[in-house]
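Welcome! Please look over the sequence and the 3D picture below, and then read on for a short tour of helices, loops and charged pairs.

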Amino acid sequence: MWYQPKYSAAEGKIVGSEALVRWRKEDGSMVSPGEFIPLFEHNGMIVKLDEYMFRAVCRQQKKWLEEGKVVYPVSINISRASLYFLDVHKRYQSIMQEYQIEPEYIQLEVTETVMEEKKNIYELLNKFRGMGIKILMDDFGTGYSSLATLSMQCFDTLKLDKTLIDHIGTKEGETMLYHIIRMGQQIGLHITAEGVESETQVKFLQTMNCNDIQGFYFSRPVPQKEYEQMIN
Ligand code: G
Ligand code: MN
């Protein structure tokens, strides 16, 4: 499990992180998630991986809390296949109970395409929210139904996809971002920009009052040891 920190746009301080899976082979070389995630999605292992990551985050957050460390929320990606099981929230709740972890330390990222199975997913996400877990809409801006998604009211944060951020510098792109951020915030959503790589992008997002920033400009995903040093 690796972590990519998220920073407040206004102050550039760490406010949380995203847990990202990395596969290190026995010979030390890395298998890219781009290689094994599609395979896991295909053979169903992705459901096990989601739960493995959820459990790993609960365990580690609890450990840091017990050690008296400052603990920020960590978001875990949950795939469409996991949300297919309509009682998945009960399973995740029992894992949280097992580690005695409060919901404020855990967040879930779901990608926009899960919203295609509207009603069931809507109810399921609201069950997670009822447990106190914040739902982050991942990859926002890459799907086909962004505006319909905005009106669904079953998530707390919009994560603006890198493809939107890459338009900073063009008048059209900046106008689009201005309105997406305004619109999102006015309907009560928290806005996180993803894939932020340059100072120009950071400055623009600051003037837009974007809430949080994640991306190589502040930090790449880092191993747990390194993340621990960063939050201390
Ligand atoms: O779909 P999701 O947003 O969960 O994917 C996150 C992935 O994006 C991670 O694998 C991470 O390595 C990558 N990533 C994060 N920040 C940046 C960035 O600033 N630039 C690029 N190119 N990739 C990034
Ligand atoms: Mn994500």
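A residue is called buried under 20% relative accessible area, exposed over 50%, and partly exposed in between, using a 1.4 Å probe and protein chains only. The model is predicted, so local features need pLDDT of at least 70 and side-chain atom pairs count only at pLDDT 80 or more, while totals for chains, interfaces and linings use all residues. Residues are numbered from 1 along each chain as its sequence is written, chains are lettered from A and ligands numbered from 1 in the order in which they are written, and side-chain values use heavy atoms, with hydrogens and water left out.

**Two loop residues**

With that scale in hand, is Gln 100 buried or exposed? Gln 100 is exposed, at 58% relative accessibility. Its place is the loop between helix 4 and strand 6 (106–111); helices (H or I, at least four residues) and strands (E, at least two) are DSSP runs, numbered from the N terminus. Although Gln 100 is not a glycine, its phi is positive, near 55°.

Asn 209 is another residue other than glycine with a positive phi, here about 60°. You can find Asn 209 in the loop between helix 9 and strand 10 (212–213). Asn 209 is exposed, with 52% relative accessible area.

**How helices pack**

Axes are lines fitted to C-alpha atoms, for helices over the stretch in contact, and angles run from 0 to 180 degrees between N-to-C directions. Angles under 35 degrees count as roughly parallel, over 145 as roughly antiparallel, 65 to 115 as roughly perpendicular and the rest as oblique.

Helix 1 (residues 33–43) and helix 2 cross at roughly 115°, and their axes come within 5 Å. This pair is therefore roughly perpendicular. On the helix 1 side, the contact (heavy atoms within 4.5 Å) is made by Ile 37, Phe 40, Glu 41 and Asn 43, which meet Met 45, Ile 46 and Leu 49 of helix 2.

Now follow helix 2 (residues 45–66) to helix 4 (residues 88–99): their axes lie 9 Å apart, at an angle of about 25°. Helix 2 and helix 4 are therefore roughly parallel. Among the residues making this contact are Phe 54 and Cys 58 of helix 2, and Tyr 92 and Ile 95 of helix 4.

**Charged pairs**

A salt bridge is a side-chain nitrogen of Lys or Arg within 4 Å of a carboxyl oxygen of Asp or Glu. How many salt bridges does this rule give? The count comes to 13. The table shows some of them.

| Lys | Glu | Closest N and O atoms |
|---|---|---|
| Lys 63 | Glu 67 | 3.2 Å |
| Lys 69 | Glu 67 | 2.9 Å |
| Lys 203 | Glu 199 | 2.8 Å |

Glu 67 is partly exposed at 40% relative accessibility. Lys 63 is partly exposed too, at 43%, and Lys 69 is partly exposed with 25%.

Where do Lys 203 and Glu 199 sit? Both belong to helix 9 (residues 199–207), and because they are 4 residues apart there, about one helical turn separates them. Lys 203 is partly exposed, with a relative accessible area of 47%, and Glu 199 is partly exposed with 44%. Elsewhere, salt bridges that share partners join Lys 6, Glu 18, Glu 109, Lys 159 and Glu 194 into one network.
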